[in-house]
Amino acid sequence: MTAGPRPGTQLLKVQNFSVSADGIAAGEDQTLERPFGHVDPGRLFAWAGATASWPNRTGPGGSRGLDDHLVRDFHHGIGAEIMGRNKFGPVRGPWPDEEWKGWWGEEPPFHTPVFVLTHHPRPSFTLSDTTFHFLDADPVTALERAREAAGGKDVRLGGGVTTIREFLDAGLVDTLHVAVSPVELGTGLKLWDSPEELTDRYHLDVVPSPSGVTHHLFWRK
């Protein structure tokens, strides 16, 4: 069993990762028009979009409480992000060109260096205050690069499902927050069959929210 992080060390954190009641976080057959495949992301992320701190909110209002705290805390203390290639975009295999810059337009929401894991690296580029780097690396090496770039702050593991499972299997994730929505999707990419799968390695608090989601908060034993 991997020991928990020492005080003052840089944590690898999964934050606000949303899954269905049957553990599904994304659908199959991702396309440019459907970043989450056949799954409607609104069914998973409605809890976050309803909060006062949701960054895409265009009007006043929104909920407060635990959901809002978790959304508001998303960027706190984060110095870099790691993500899988499928979170970055729908292109598979060798890059046909370097025109695709991610789903997020000219103002990506990360505000840190982002390390995209891919078997087909390409040159780094910067949009606003986010620089994307492309690595063909194992989880340990990728985390070393991200920690170096994070300048002493924590590193967020942004997903998708396959990437999170790889880092969990490598014993690298220090804390994990999963919001379980009260919907069943039936098919798709699963984070787990049951959250109890992780309790041999992690402590777990389960906190229901008035929004209907249940927050699962894991930290290493």
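Let's start with Thr-199, which sits in the loop between strand 9 (189-190) and strand 10 (202-208). Keep in mind that this is a predicted model. Is Thr-199 buried, exposed or partly exposed? Its relative accessibility is 29%, so Thr-199 counts as partly exposed. A polar atom of the Thr-199 side chain lies 2.8 Å from the backbone oxygen of Glu-196. Leaving aside residues up to four places away in sequence, Thr-199 touches Leu-204 and Lys-221. Gly-212 is 13 residues from Thr-199 along the chain, and the two C-alpha atoms are separated by 23 Å.

Gln-30 is in the loop between strand 2 (24-26) and helix 1 (42-49). Gln-30 has a relative accessible area of 16%, and buried means under 20%, so Gln-30 is buried. Which backbone oxygen does the side chain of Gln-30 reach at 3.0 Å? That of Pro-35.

In soluble globular proteins, nonpolar side chains tend to be buried together. Here the largest nonpolar core has 30 residues, and Ile-82, Phe-167 and Val-173 touch the most other members. Among the elements that each supply at least two residues of this core are strand 3 (78-84), helix 4 (139-149) and helix 5 (161-169). There is also a second, separate core of 11 residues, including Val-114, Phe-125, Phe-132 and Phe-134. Back to Ile-82: among the residues it touches are Phe-115, Leu-143, Val-155 and Phe-167, not counting residues up to four places away in sequence.

How values were computed. Residues are numbered from 1 along each chain as its sequence is written. This is a predicted model: local features need pLDDT of at least 70, side-chain atom pairs count only at pLDDT 80 or more; totals for chains, interfaces and linings use all residues. Side-chain values use heavy atoms; hydrogens and water are left out. Helices (H or I, at least four residues) and strands (E, at least two) are DSSP runs, numbered from the N terminus. Buried means under 20% relative accessible area, exposed over 50%, partly exposed in between (1.4 Å probe, protein chains only). A polar contact is a pair of N or O atoms within 3.5 Å; within protein, one must be able to donate a hydrogen and the other to accept it, and residues adjacent in sequence count only if both atoms are side-chain atoms. A nonpolar core is a set of buried Ala, Val, Leu, Ile, Met, Phe, Trp, Tyr and Cys residues joined through side-chain atoms within 4.5 Å. Contact means heavy atoms within 4.5 Å.
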